[in-house]
Amino acid sequence: MKLNPRKVIAFAAIVIVTAVSLAACLSGNNESSIAEVSEQLSVPTTQIIDKQAVIKALKERLQIVGLEGKVEKEFRYTDAKWFGDKTFAMTLNGTFKTGFNIADITVDNVVITEDNEVIINTPDITLIALEIPYDKIVIDKDVGALRKDFTEVDRQLLYAKASASIRKQIEADVEVREESEEASQHAIEAILTLIPQVTKVTFN
């Protein structure tokens with residue numbers, strides 16, 4: 001049997017073209033399959049913030065001051081006797097600060113969700129500072145002729161009692177506590193939102 005050389009060449013060309021086309025199809029399907037599998041296996045992951053990063057950011061400050069205020073209070077002491085009275089009036093002026101002590105916020109107070117929302121269980125508002133200069137108090141006294149005058153010890157004792165009373169009054173003031181808590185939380189939020197990946201800051 002004799003083969004026509006031209007027909008053999010043509011047939012070989014057709015076989016080669018067909019083989020190349022088939023290889024291209026198989027290669028395309030393989031690449032598509034790999035891409036699909038890769039897409040299915042590629043699950044976006046979010047790196048959860050470490051609680052210690054939150055604590056470190058907060059501990060750059062020793063305190064979070066939410067409210068600063070002034071205080072002025074007058075205390076009067078009267079000692080009435082049949083042989084005469086003596087009255088001692090003391091006016092105190094000072095300043096106070098309320099807020100959070102950062103030392104009271106630990107990792108146990110911090111919760112971080114999967115989407116990096118930071119939840120802070122804040123401690124109670126505390127009176128951070130109360131300054132009532134002793135040398136700034138104003139004294140007004142009225143002592144009967146038969147009565148012994150107030151001494152420096154009397155003055156110091158009344159000052160101590162007056163200062164303790166002011167402290168209790170500030171700590172029991174609901175309005176002061178609420179204003180201080182709100183402002184302190186805003187301050188903490190401003191600090192924590194500077195940490196990369198923090199999405200939200202809430203408080204309990």
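Predicted model: local features only at pLDDT ≥ 70, side-chain atom pairs only at ≥ 80, totals over all residues.

**Entry 1: helix α3**

I get 21 residues for α3 and a reach of 30 Å from its first C-alpha to its last, close to the 30 Å expected at 1.5 Å a residue.

Next I looked up burial. Leu158, Tyr159, Ala162, Ser163, Ile166 and Ile170 of α3 are buried. Looking down the axis of α3, I see its buried residues fall within an arc of 140 degrees, so they line one face of the helix. On the other side of α3 I noted Val153, Leu157, Lys161, Lys168 and Ala172, which are exposed.

What do the buried residues of α3 pack against? I find β1 (63–81), β2 (84–101), β5 (126–131) and α4 (174–192).

**Entry 2: the open sheet**

I then turned to an open sheet of 3 strands, in the order β3-β4-β7, with mixed pairing. Its edge strands are β3 and β7, each of which pairs on one side only. From one strand to the next, the twist averages 20 degrees.

Two helices went into my notes here. Helix α2 (residues 51–58) packs on the sheet and touches β3 and β4, with its direction at about 130 degrees to that of β3. α4 also packs on the sheet, touching β4 and β7, and its direction makes about 155 degrees with that of β7.

**Entry 3: pairing around β4**

Strand β3 (residues 110–112) and β4 run antiparallel, and I count 3 bridges joining them. Valine 110 has isoleucine 120 as its bridge partner in β4. The hairpin of β3 and β4 has 4 residues between the strands, and there I spotted asparagine 116 with a positive phi near 65 degrees.

With strand β7 (residues 200–203), β4 runs parallel, and 4 bridges join the two. I looked up glutamate 117, and its bridge partner in β7 is lysine 200.

Which way do the side chains of β4 (residues 117–120) point? Glu117 and Ile119 point one way, Val118 and Ile120 the other way, and I find all of them buried.

**Entry 4: threonine 91**

Last stop: threonine 91, which I place in strand β2. Is it buried or exposed? Threonine 91 has 16% relative accessibility, and buried means under 20%, so I put threonine 91 down as buried. Leaving out residues up to four places away in sequence, I list Glu72, Lys73, Glu74, Ile137 and Val138 as what threonine 91 touches.

Definitions and conventions: Residues numbered from 1 in each chain as written. Heavy atoms only, no water. Buried < 20%, exposed > 50% of the residue type's maximum accessible area, 1.4 Å probe, protein only. Pairing = 2+ DSSP bridges. Expected span 1.5 Å × (residues − 1). Arc of directions from axis to C-beta. Contact = heavy atoms within 4.5 Å. Axes fitted to C-alpha atoms, helices over the stretch in contact; angles between N-to-C directions.
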